[in-house]
Amino acid sequence: MAEETIALSKPVGDSVAYTTCYMCACRCGIKVHMKDGALRYIEGNRDHPVNRGVLCAKGSAGIMTALSPARLRKPLKRVGPRGANEFVEIEWDEAMDIATKRLAAIRDSDPNKLAFFTGRDQSQSLTGYFAQMFGTMNYAAHGGFCSVNMAAAGIYSMGGAFWEFGEPDWEYAKIFLLFGVAEDHDSNPIKLGLARLKQRGAKIISINPVRTGYSAVADEFVGITPGTDGLLVFSLIHCLLKQGKIDTQYLVSYTNAHYLVIDAPGSADHGLFARDLQGNPLAFDRTTQQTKSARATDIDPALLGEYRLADGRRARPAFACLAERYISGDYAPEAVAERCGVPAADIHRIAAEIAEVAFNQAVTINQPWTDSNGRRHETMTGRPVAMHGMRGISAHSNGFHTCRAIHILQMLLGAVDTPGSWRYKSPYPKPIPPGPGPAGRERKPDGSLPSLPLGFPKGPEDLLVDAGGEPLRIDRAFSWEAPLGIHGMMHMAISEAHAHPEKIDTLFLFMANMAWNSAMNPGETSRMLADCDESGNYTIPFVIVVDAFASETVAYADLVLPDATYLERYDCISLLDRPIGSAHGPADAIRIPVLPLDRDVRPFQDMLIDLGGRLKLPNFADAAGQPIYKSYADYIVRHERKPGVGPLAGFRGDGTAFGKAPVNPNQLDDYIKNKSFWVHHLPPEQLYFKYANRDYLAGAKAMGLIDSDQQIVLNLYSEIMQKFRLAAQGHGAVQPPERLRHQIDAVMDPLPIWYAPIEESVSQSSPYTLHAITQRPMAMYHSWGSQNVWLRQILSENRLYVHSSLAASHGLDNEDWVRVTSRNGEITCQVRVMDGLNPNTVWTWNAIGKRSGSWGLKEGAPEAKRGFLLNHVLSEYLPADASGQRLSNSDPVTGQAAWFDAMVKIEKVEVASQGTTLPQFPALKSLPGLQFRMQGWLHRGGMNK
Amino acid sequence: MTSLPQPQIGAKKLGLVIDLDTCVGCHACAVNCKEWNTGGHSAPLPDYQPYGVEPDGLWFNRIHSYEAEGGSCGDRTVNFPRSCLHCEEPQCVTVCPTGASYKRAEDGIVLVNADICIGCKLCSWACPYGAREFDENQGVMKKCTLCVDRIYNETLPEAERQPACVLTCPSKARHFGDLNDPASEVSILVALREGQDLMPELGYRPTNKYLPPRKAKIPVSAQPAPTASTAGFGSALLNLVDRVLSR
Amino acid sequence: MTPASSVLLLTTLTGFGYGLLAWLGLFNAAGALPRGQWFGPVVIVVALGFASAGLMASTLHLGRPERAWRAFSQWRSSWLSREGVAAVLTYLPACGFAALWWFWGQDAAATRALGLVSAAFGLVTVGCTAMIYASLIPIRQWHNRHTVPDYLVFAIFSGAVLLAVMQAAWFGHSGTVALVACLAALLALVLKFAYWRFIDRQAPLTTLTSATGVRQAAKMHALDQPHFSQNYILREMGFQLARKHAAKLRKWTYVLAFIAPAIFCALAAMDVAPVVFGVLALVTTGAGLFLERWLFFAEATHTAAIYYGHTI
Ligand SMILES: Nc1nc2c(c(=O)[nH]1)N[C@H]1C(S)=C(S)[C@@H](COP(=O)(O)OP(=O)(O)OC[C@H]3O[C@@H](n4cnc5c(=O)[nH]c(N)nc54)[C@H](O)[C@@H]3O)O[C@H]1N2
Ligand SMILES: Nc1nc2c(c(=O)[nH]1)N[C@H]1C(S)=C(S)[C@@H](COP(=O)(O)OP(=O)(O)OC[C@H]3O[C@@H](n4cnc5c(=O)[nH]c(N)nc54)[C@H](O)[C@@H]3O)O[C@H]1N2
Ligand code: SF4
Ligand code: SF4
Ligand code: SF4
Ligand code: SF4
Ligand code: SF4
Ligand SMILES: [Mo]
């Protein structure tokens with residue numbers, strides 16, 4: 001038998017299109033091959049700045065999402081009771097008509113009665129703008145339940161943040177500390193970066209209770225007890241302070257470490273910076289032995305000591321307050337070791353390694369640059385200690401302070417945006433804070449809000465509270481419960497809408513599965529969505545859901561508006577939102593329709609713009625009431641937020657301009673010619689020290705990224721925090737309600753503090769002694785992966801992972817069943833035993849469990865029968881206080897949902913071999929038009945051979 | 001031909017080198033492999049009960065994870081991608097009664113000719129690594145083709161003439177090349193990182209190599225003895241802040 | 001290894017068939033059979049019937065049975081191919097044997113010689129079948145010195161039982177053949193005992209550290225499998241038989257496959273209701289050997305399963 005003849009050079013397909021992946025929010029560039037009108041192959045775009053040609057498992061499975069039987073097919077109107085999944089298909093005209101009438105009535109009465117909550121979309125600059133023009137403050141996107149702790153702590157400390165707004169310097173870092181990251185939004189860039197660090201022989205330290213994924217490849221795994229990172233970081237700071245391993249020169253040049261803090265307890269400016277008459281903060285100059293403007297360049301500022309101000313009051317440099325706090329024996333490694341679950345010797349060693357790299361192995365690049373004070377520097381020198389953190393820090397009720405602690409550590413080392421450290425991604429850094437406070441208290445005559453609903457409070461006067469200090473917003477953001485709730489608090493939206501029926505008429509949900517995996521308590525949340533008052537009316541009067549797939553939440557809608565999927569629509573990954581910029585420069589991208597629509601659905605942004613036109617919203621309809629934009633594509637090209645600043649920064653004007661420049665009618669074509677993205681490479685002198693880099697700041701201002709090119713002074717000490725605290729101490733007009741006064745006083749500390757996660761203190765002396773957390777699986781994106789034939793084979797079920805010692809003490813073996821109980825609820829599931837795990841922690845993969853009948857899966861699918869959500873043991877509320885009030889289960893500074901605070905106990909249970917996880921919910925009926933179909937893929941025998 | 005080809009002088013020995021030190025276990029290679037190959041030379045790679053109660057399917061590459069204890073890499077979790085190793089002494093080829101299973105003389109790639117395979121499954125029994133999977137719909141055996149329809153594909157740009165799994169790996173844990181050429185990138189990696197054969201004791205002489213996990217260290221000078229801490233600032237810090245600072 | 005009934009049928013039925021053919025040839029060459037013009041050809045038809053049934057069953061195992069003919073091509077390297085070739089070739093001497101028996105009589109020198117040739121071809125076919133398993137390196141319970149002799153002896157034993165029954169049915173007594181069958185049963189018993197002792201003491205072929213190339217680790221254990229869903233490898237090679245269960249089945253095998261047939265054959269040899277006991281011997285042998293073959297698969301472990309955390 002001869003060897004077969006193989007077609008070695010068969011063309012991949014017959015056409016190629018470049019667009020942006022949306023199997024997750026990482027925004028990789030993809031090259032889509034089509035063959036005979038069908039998708040043949042999706043690969044990474046090698047020229048794309050985000051993924052440079054690589055693609056993750058999800059991205060590689062895009063074909064199967066395009067063929068998913070769970071795709072919605074037509075607008076749906078509810079005919080059965082809510083939650084029963086009984087709908088009739090309706091035409092778009094009718095659907096838009098229903099929505100328009102409802103929303104128009106709301107806008108005429110009280111625009112705040114529209115609660116508009118959107119998930120991890122990438123059109124927040126549009127949705128936020130819609131809410132602004134509509135005039136409702138009750139708008140938020142997913143940040144509140146996601147990682148607002150990271151965003152707020154970063155933005156209020158460094159004018160930039162971990163999350164998607166920064167990246168380690170993969171080229172120069174020699175030690176990399178990764179705090180609580182399993183996957184993150186930068187999925188592919190982080191993996192590329194880790195590979196680069198490995199290649200360069202840098203050391204990776206992963207601080208994480210669980211040793212999987214990134215932690216598996218780390219050179220050192222620190223199996224920390226959840227919620228104690230703040231202590232660990234304080235202890236590292238303690239060691240560095242003790243050994244004098246601090247970059248004092250950096251501190252006085254780029255932070256407010258030398259600013260004098262007024263020490264006058266009881267007075268209204270206690271803890272604020274001492275200022276001169278021009279408002280300049282003061283420092284103590286050791287040369288002249290006088291207080292001088294801290295911004296002056298000819299001073300030798302003191303960092304320790306106590307000084308007298310002109311008015312005779314005492315003041316101390318911010319650094320002195322800091323040093324005094326963290327040098328305390330309370331933060332010695334020996335003192336925190338047990339609480340953190342990390343041996344003291346390891347803390348000492350890691351501190352020594354950081355110090356070694358920072359101070360003996362500094363990186364110098366021969367690149368002259370000029371600082372904001374106009375001084376030329378011949379080189380760029382940095383401390384090659386990089387850090388990154390995400391939801392392991394963020395999703396705790398002490399996450400804001402923990403994250404700030406990490407930023408303080410970075411600053412003390414001089415490791416912010418220097419060679420080898422963590423770097424800002426464009427469009428960051430931004431001023432601290434970067435923009436106006438939240439809108440909501442007043443409206444313009446045209447009904448719109450003066451600015452975006454989500455903003456950045458600078459003090460109590462920016463809060464959205466009533467005279468009694470109680471929240472104005474439905475989700476409690478920007479109230480005394482979450483003063484820096486800059487992303488809103490989506491996890492409170494449904495329960496609070498249910499609790500305050502007088503405040504909300506329509507709940508408009510886009511792209512968030514809020515009855516299921518983004519609910520802290522899905523059973524309760526679903527119940528609330530379907531709950532009725534005495535007269536039989538729904539407590540939440542009207543629910544509109546915009547989804548692309550048959551999710552669990554669709555079942556609770558009165559009106560379902562089906563969206564196109566990512567290969568069928570235009571999208572804009574804009575600098576006004578969460579762009580694809582990197583440390584190397586600004587960049588943005590688009591998605592383009594690669595596939596023709598094969599069902600009666602509409603891209604969401606098209607329908608939102610249409611809705612804006614129909615509602616005659618300002619800037620969506622012209623003076624004559626005619627819609628301004630034909631479509632989203634039209635909006636992307638023609639919309640200007642400020643003169644010359646549109647959704648896309650590239651190819652403006654005549655096609656060669658970028659940043660602030662006139663509209664280019666051919667902009668989309670220019671993007672398509674450039675493989676659907678635009679990138680501007682910063683010249684080398686602008687690549688580091690961006691907060692004080694004259695040329696960078698000037699360039700960013702010219703591009704419209706920032707309004708001022710002043711130096712951005714890093715906030716080692718947060719005066720803004722202190723302003724809220726002063727209110728709690730009785731100063732100022734806007735006062736917290738009594739029940740929260742003590743909490744505000746405690747948590748609005750201008751320097752990072754540590755307290756046990758709130759749930760843990762609430763559960764103290766209860767049987768719930770185990771921490772329960774979740775991780776993102778790399779091959780699944782939240783709930784949407786399960787409809788994907790390929791991805792679901794990888795994770796069609798999940799298990800609860802337990803440490804081998806815990807397994808031994810509970811007599812557990814792999815696949816045994818346990819009941820997991822918290823103060824809030826219980827689940828029954830199977831276990832898997834592992835060693836690489838903090839012994840007091842149990843964990844599982846997030847969002848694998850599905851409700852039977854959802855996602856186009858057959859009833860009895862393993863996702864529903866043996867998969868489970870940990871969410872059933874969580875609650876969006878803390879137990880009621882003496883007055884019966886229930887605080888949200890969130891970080892008290894930012895309102896970040898405290899997903900990872902959960903405390904549980906486990907017991908072994910006997911379950912029959914055909915057993916199912918608990919709780920189980922009644923199976924959802926199949927949606928009309930979604931009857932199970934074997935998709936064409938199999939009939940076509942895969943693709944043509 | 002079921003008999004193994006005579007080794008040719010200077011013939012290529014194409015294979016993969018997989019770095020267990022950087023593999024994060026993301027399954028990207030596995031899914032991209034499935035995506036490429038379900039439309040490639042061995043198309044399709046079927047899925048059974050795609051939306052049903054017992055989903056199942058054919059994959060050329062699957063990612064395991066293990067926990068390792070002790071030894072120079074310390075306690076750690078090891079992610080482990082498993083696909084055909086394109087062995088030099090592949091019994092999967094010699095047991096085949098039809099000649100459907102064969103090893104190419106020119107580059108050592110082990111393939112199945114689906115047009116003559118009778119689906120006796122014996123080759124899958126003869127593979128110690130579980131690298132062959134049976135297509136229940138077509139009744140023939142399938143396996144990793146080393147992306148033979150990519151690596152020589154003249155319609156692709158030079159840089160893309162690599163296996164799909166290699167190009168897609170976000171952690172750069174997969175490398176492709178000629179292991180017969182001591183100067184190739186893969187051979188150098190194997191030499192430098194002590195690339196390992198899997199189950200060498202069985203004598204299949206796998207072409208693919210696995211780079212074992214390692215551990216980066218930062219040598220630090222004598223560690224300060226953990227001193228009992230006091231609230232005082234300590235001389236080190238005082239000396240430091242005493243220095244003249246300029247803004 | 002997951003026992004597939006088609007393969008179990010193949011190996012047991014061909015064992016009966018070729019064993020029967022072998023004994024017919026041998027006994028006839030030795031002149032130890034009663035005379036009967038019909039007897040030889042009928043026995044040969046039965047023998048080939050068993051063998052053919054086995055071979056047919058084995059094609060059920062194929063994904064593309066219509067291409068089965070291709071399996072003859074690779075006899076230079078593949079034992080499966082050789083088995084096919086040998087099986088087909090065996091039809092020639094066997095048919096010749098039957099024809100000569102009929103036309104030239106059972107005692108003709110040519111008949112006797114061709115009988116021996118048929119016997120040899122039959123046994124060679126059984127040997128090839130055995131070699132398919134014995135050559136599979138990844139399966140330690142097969143790839144060993146026991147597999148080929150065991151297959152041959154089991155074939156000889158089952159063939160002897162079958163011949164004894166046929167002779168008893170035809171001539172009313174089964175004399176030496178039954179005695180031989182009894183002795184073969186005892187020999188098979190000893191071999192099976194030795195086999196089980198052997199595999200129970202065998203060391204695993206490999207370890208997880210060797211299988212993954214992480215040799216510097218002291219120990220490794222599986223954490224997560226690639227997919228929660230089933231797959232071909234697990235279905236085919238992931239079969240795990242609990243120790244307790246295996247021990248019980250082994251006992252049944254001893255009784256059914258060897259001890260009972262040995263006793264029944266001994267009784268038949270002593271002319272105690274030879275047909276009845278012959279048939280009883282045949283039934284227990286059939287059931288017993290099927291069970292034995294089931295265990296041969298079920299107890300076999302494949303190195304690939306180590307990746308899934310199985311002990312091999
Ligand atoms: N236990 C636990 N719970 C958690 C977390 C955790 O770590 N642990 N993490 C939390 C975090 S950080 C987040 S961000 C949330 C995420 O929670 P969700 O935002 O609820 O997550 P998804 O499952 O992504 O749901 C998004 C919805 O968008 C739909 N969708 C997908 N693609 C499209 C599209 O193109 N158009 C439209 N219109 N809809 C689409 C999906 O069908 C789905 O219904 O989960 C939170 N919940
Ligand atoms: N593949 C995939 N990628 C995704 C997503 C997805 O669903 N799938 N979701 C996207 C979204 S919305 C988000 S918000 C990001 C989130 O990305 P990640 O921040 O990676 O989020 P998680 O997976 O929740 O991981 C949190 C990690 O923190 C650890 N951890 C928990 N508690 C603590 C603690 O107290 N201290 C420390 N040090 N670690 C702790 C957990 O073990 C886990 O490894 O991922 C995004 N990317
Ligand atoms: S990380 Fe994966 S899913 Fe997310 S955008 Fe990139 S390729 Fe797509
Ligand atoms: S890995 Fe298995 S299938 Fe691949 S060549 Fe080696 S023996 Fe054959
Ligand atoms: S299954 Fe096909 S390739 Fe494998 S041994 Fe049988 S005929 Fe050969
Ligand atoms: S080389 Fe090609 S066929 Fe083989 S595992 Fe990689 S992608 Fe799959
Ligand atoms: S793509 Fe790379 S990192 Fe991911 S599993 Fe495969 S080899 Fe490992
Ligand atoms: Mo998130």
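Leaving aside its neighbours within four places in sequence, which residues is Y691(A) in contact with?

Author: The model is a predicted one, and what follows is to be read accordingly. Leaving aside neighbours within four places in sequence, Y691(A) is in contact with Y250(A), Y254(A), S372(A), V416(A), D417(A), T418(A), Y424(A), P429(A), L697(A), Q711(A), I712(A) and L714(A).

From each of domain 1 (1–135) and domain 2 (174–312) of chain C, the core takes at least three residues. As a general remark, nonpolar side chains in soluble globular proteins tend to be buried together.

The two domains of chain C may be considered next. Their centres, taken over C-alpha atoms, are separated by 24 Å. In terms of contacts, 14 residues of domain 1 of chain C meet 20 residues of domain 2 of chain C. Between them these domains bury about 1600 Å², with 79% of it on carbon and sulfur atoms. On the side of domain 1 of chain C, M1(C), L8(C) and F16(C) lose the most area to domain 2 of chain C, and together they account for 41% of what that side buries.

Some backbone details of chain A complete the description of that chain. The loop between β22 (422–424) and α16 (490–499) of chain A holds P427(A), and the peptide bond from S426(A) to P427(A) is cis, with omega near 10°. P433(A) is likewise found in the loop between β22 and α16 of chain A; a cis peptide bond with omega about -10° joins I432(A) to P433(A). In the loop between β33 (841–845) and α27 (862–865) of chain A is A847(A), a residue other than glycine whose phi is positive, near 60°. A847(A) counts as buried because its relative accessibility is 1%, under the 20% limit.

M199(B) is placed in the loop between α6 (185–193) and β11 (209–211) of chain B. The phi of M199(B) is near 45°, positive although the residue is not glycine, and M199(B) counts as buried at 0% relative accessibility.

Note on methods: Residues numbered from 1 in each chain as written. Chains lettered and ligands numbered in written order. Predicted model: local features only at pLDDT ≥ 70, side-chain atom pairs only at ≥ 80, totals over all residues. Heavy atoms only, no water. Domains from an automatic or database assignment. Contact = heavy atoms within 4.5 Å. Buried area = accessible area lost by both parts, 1.4 Å probe. Helix = DSSP H or I, 4+ residues; strand = E, 2+ residues; numbered from the N terminus. Buried < 20%, exposed > 50% of the residue type's maximum accessible area, 1.4 Å probe, protein only.
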